[in-house]
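Subject: Structure handover

Hello,

Here is the structure I said I would pass on. My notes on it follow below.

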Amino acid sequence: MSDSSRGDIRPAATILLLRDAPDFEVLMVKRHHQIDFAAGALVFPGGKSHRGDSDPRWRYHALGFDVVEADDAALRIAALREAYEEAGVLLARDRDGAFYAGEAAKDVRAAVAEDKVPFLDVVADLGLSLDLSALTVFARWITPKLMPKRFDTWFYVAHAPLAQQAICDGHEAVDAEWIAPGRALELAASGQRKVIFPTRMNLQLLAESASPADAVSRAATRPLVTVEPWVDGDALRIPPEAGYGPVTEPLSAL
């Protein structure tokens with residue numbers, strides 16, 4: 001991980017969980033209005049990395065741990081933990097290699113979110129292994145310098161386990177829904193939903209795909225260009241080579 005993710009820039013991870021039954025949709029959650037970051041916004045499940053995400057014991061409870069970089073493994077674990085905490089989706093496999101199809105108990109999810117119970121213990125007690133290999137890097141964004149809180153956020157994309165229901169936690173997230181990327185953009189454009197800049201840009205990128213398989217394939221072959229927006233006059237700009245096209249975001253929209 002680069003130096004830009006240290007110091008006052010916190011490492012974070014976000015996951016785009018996709019399904020194509022009945023339609024091509026992505027899982028999004030609505031943030032609680034009292035949360036200090038992206039309050040009330042429609043976002044992908046995600047958040048800052050926790051110390052437990054780097055526990056070396058994950059090596060024995062995470063498939064693909066040895067084929068990704070150590071820092072990347074911790075970030076993938078963070079992304080999967082956040083999906084579990086905020087939406088009750090656990091992307092893990094049992095001892096036979098089948099995707100976990102059980103329901104995530106709300107009180108256990110709350111205990112994990114409040115750091116009362118280690119996520120590792122939950123996974124281990126269920127006899128499961130997180131499937132880190134199911135995640136593909138989609139994008140990487142660093143919060144611009146003008147913001148009071150800064151994050152180095154890795155976005156991952158993955159097929160969602162269809163046997164599980166997405167249910168919001170009622171704390172950080174007050175709603176969870178499957179939504180077509182194009183529909184989410186329409187709601188943002190009409191002002192019916194608040195969608196922050198990085199989320200909107202990655203929805204646009206996702207909407208270029210025809211299906212979850214297409215989205216994962218594009219992400220796997222697309223060069224990763226770290227996006228750290230900068231101020232240009234009264235607007236933010238991002239690197240044109242990042243894959244989002246020419247982008248100018250008015251500072252008044254932040």
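Which residues lie nearest the centre of the second largest pocket? They are His50, Gly52, Asp115, Pro118 and Phe119, out of a lining of 14 residues. Please keep in mind throughout that this is a predicted model. The pocket holds about 260 Å³ of space, and its lining divides into 6 nonpolar, 2 polar and 6 charged residues.

Asp115 deserves a separate remark. This residue sits in the loop between helix H2 (106–113) and H3, and its phi is positive, about 60 degrees, although it is not a glycine. Most residues other than glycine have a negative phi. Asp115 counts as exposed because its relative accessibility is 58%, the cut-off for exposed being over 50%.

The peptide bond joining Ala21 and Pro22 is cis, with omega at about 5 degrees.

Overall, the chain has 254 residues, 50% of them buried, and its secondary structure comes to 6 helices and 13 strands. Of the contacts with a separation of 6 or more, 68% are between residues 24 or more positions apart.

Now the interior. In soluble globular proteins, nonpolar side chains tend to be buried together. In this model the largest nonpolar core has 42 residues, and Leu17, Trp58 and Leu130 are those with the most contacts inside it. At least two residues of this core come from each of strand S1 (9–19), strand S2 (25–31), helix H1 (70–87), helix H3 (119–125), strand S9 (150–159) and strand S10 (173–179). H1 supplies the largest share, 9 residues. Apart from this core lies another, of 32 residues, which includes Leu42, Leu185, Ala219 and Ile238.

Leaving aside residues up to four places away in sequence, Leu130 touches Trp58, His61, Ala62, Leu63, Ile77, Leu80, Leu90, Leu91, Ala92, Phe119 and Val123. One of these, Ala92, is also its bridge partner, with Leu130 placed in S7. The sheet is open, with 3 strands in the order S5-S7-S6 and mixed pairing. Its edge strands are S5 (62–63) and S6 (92–93), each pairing on one side only. S6 and S7 (residues 129–131) run antiparallel and are joined by 2 bridges.

Elsewhere, strand S8 (residues 136–142) is mostly covered, with 7 of its 7 residues buried. S8 runs antiparallel to S9, and 6 bridges join the two. Among the bridge partners are Arg140 and, in S9, Trp154.

How many cavities of 30 Å³ or more does the structure hold? The count is 1.

Regards

How values were computed: Residues are numbered from 1 along each chain as its sequence is written. This is a predicted model: local features need pLDDT of at least 70, side-chain atom pairs count only at pLDDT 80 or more; totals for chains, interfaces and linings use all residues. Side-chain values use heavy atoms; hydrogens and water are left out. Two strands pair if DSSP finds at least two bridges between them. Helices (H or I, at least four residues) and strands (E, at least two) are DSSP runs, numbered from the N terminus. A nonpolar core is a set of buried Ala, Val, Leu, Ile, Met, Phe, Trp, Tyr and Cys residues joined through side-chain atoms within 4.5 Å. Buried means under 20% relative accessible area, exposed over 50%, partly exposed in between (1.4 Å probe, protein chains only). Contact means heavy atoms within 4.5 Å. On a 1 Å grid over the protein atoms alone, a cavity is a set of points where a 1.4 Å probe fits but cannot get out, and a pocket is an open set with protein on both sides within 12 Å along at least five of seven lines; lining residues have an atom within 4 Å of a point. Grid points are joined across faces, edges and corners, and a volume is the space filled by probe spheres set on the points. Ala, Val, Leu, Ile, Met, Phe, Trp, Tyr, Cys and Pro count as nonpolar, Asp, Glu, Lys and Arg as charged, and the others, Gly among them, as polar.
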